[in-house]
Amino acid sequence: MTPLAGLRILDLTHALAGPFCTYHLGQFGAEVFKVEPPAVGDDFRGFAPDTFDAVNGGKRSLGINLKTAAGRELLHELAAQVDVLIENFRPDAAKKLGVDWELLHKRNPALIYCSISGFGATGPRASWPAVEWSVQAATGLSAMYLDDSTDPRDLGIGMLDIFTGTSAVIAIMGAVMERSRSGRGQRLEVTMTDAALTLASAGLAQQLSGARVGKARRRPAVGRFKARDARLFVMAAHQRWFATLAEVLGAPSLLDDPRFATPEARDDHAEELRQEIESRLSSRPALEWQDALLAAGVPSAVVGDLRALVASGHYHDAGLIHDLHSNARGRAQPVAGATFSGRTIKRAPGAVPALGADTEAALAALGIASTRFAALREAGAI
């Protein structure tokens, strides 16, 4: 039995952060009913189909037109039958559609209602449209790792959608636990802004305390260094690790060199140290250096890519990568699954649903009589 078995989730989200959240709740055993506009569906079905497949496996797709009165009333009925509703409309859109927290909570006091947005429902930026990159820019997150010398077309690391979705999973699981004690639902608000500040918390603390005033530290014995055939990441910031690095490189003299003897000295002579390290790494392949450094206890890794990671078999062996054979385009695609330790439960994602493929079966499962289907279709609700 998986941890969230029996939990029913009404998923009104689209794009990435919301679907990522509901996908992982499904991986924990929840039953996810994905509500989509009947003729269009989630934007990512057409815009980013591989991404759509990766975060929508195992869900049941219902085509419901929330722009019709019958569609909204149907949604109200469904919300009364589920445990959790998740939406990522712009802050004013849910109310305009008549699917806001206040209305649905009256019909189902035990409902956990989670809103995911860019900047939240209140404040001067609440009305701003939001995407990963605009929120990274507005919060200063991207400025922590991109500078003026970076190609302006380089968007940086796409991490905020995923972390926002993860934050929503944590919040919902906490609300589910609290409801098990009190019987009460609650409204949760998860924003990309909050997620960005959490990711940037260490740097933010330094900036607000004034610790970074003056020359920034360059961590000269940390980074991606050129070996004979590839780059090698090495983490030798601590004196102990730096001493071990010097030993593995066969260059104990680096410790006696006044330019490199202390962290402060290494910071002042960062480029010279890089040259010294790379001149020695150039004698052997990166993989050999990686193995030698790991054996000596220094964090190290050949700089690779995600394809190499998946091909390594490490995550397949752990039960975290599965081949999804029934995606929308009929070809296999590796996706992340879930493993629950201690009980050796390995849960593979289900098939990616076609748009509206489960509408009638899902409505029936949520208590809507089949005798109403014809009238709902005629009213344009489904």
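In this predicted model, a salt bridge (a side-chain nitrogen of Lys or Arg within 4 Å of a carboxyl oxygen of Asp or Glu) joins Glu 31 to Arg 8, with 3.9 Å between the closest N and O atoms. The two residues are 23 residues apart and link distant parts of the chain, Glu 31 lying in strand E2 (residues 31-36) and Arg 8 in strand E1 (residues 8-12). Helices (H or I, at least four residues) and strands (E, at least two) are DSSP runs, numbered from the N terminus. Glu 31 is partly exposed at 28% relative accessible area, as is Arg 8 at 24%; buried means under 20%, exposed over 50% and partly exposed in between (1.4 Å probe, protein chains only). Residues are numbered from 1 along each chain as its sequence is written. Because the model is predicted, local features need pLDDT of at least 70 and side-chain atom pairs count only at pLDDT 80 or more, while totals for chains, interfaces and linings use all residues; side-chain values use heavy atoms, with hydrogens and water left out.

The whole structure contains 20 salt bridges. In one of them, Arg 377 and Glu 360 approach to 2.4 Å between the closest N and O atoms. Arg 377 belongs to helix H19 (residues 373-378) and Glu 360 to helix H18 (residues 359-365), so the bridge ties together parts 17 residues apart in sequence. Arg 377 is partly exposed, at 43%, and Glu 360 is likewise partly exposed, at 37%. Salt bridges with shared partners also connect Asp 257, Arg 259, Glu 272, Glu 276 and Arg 280 in one network.
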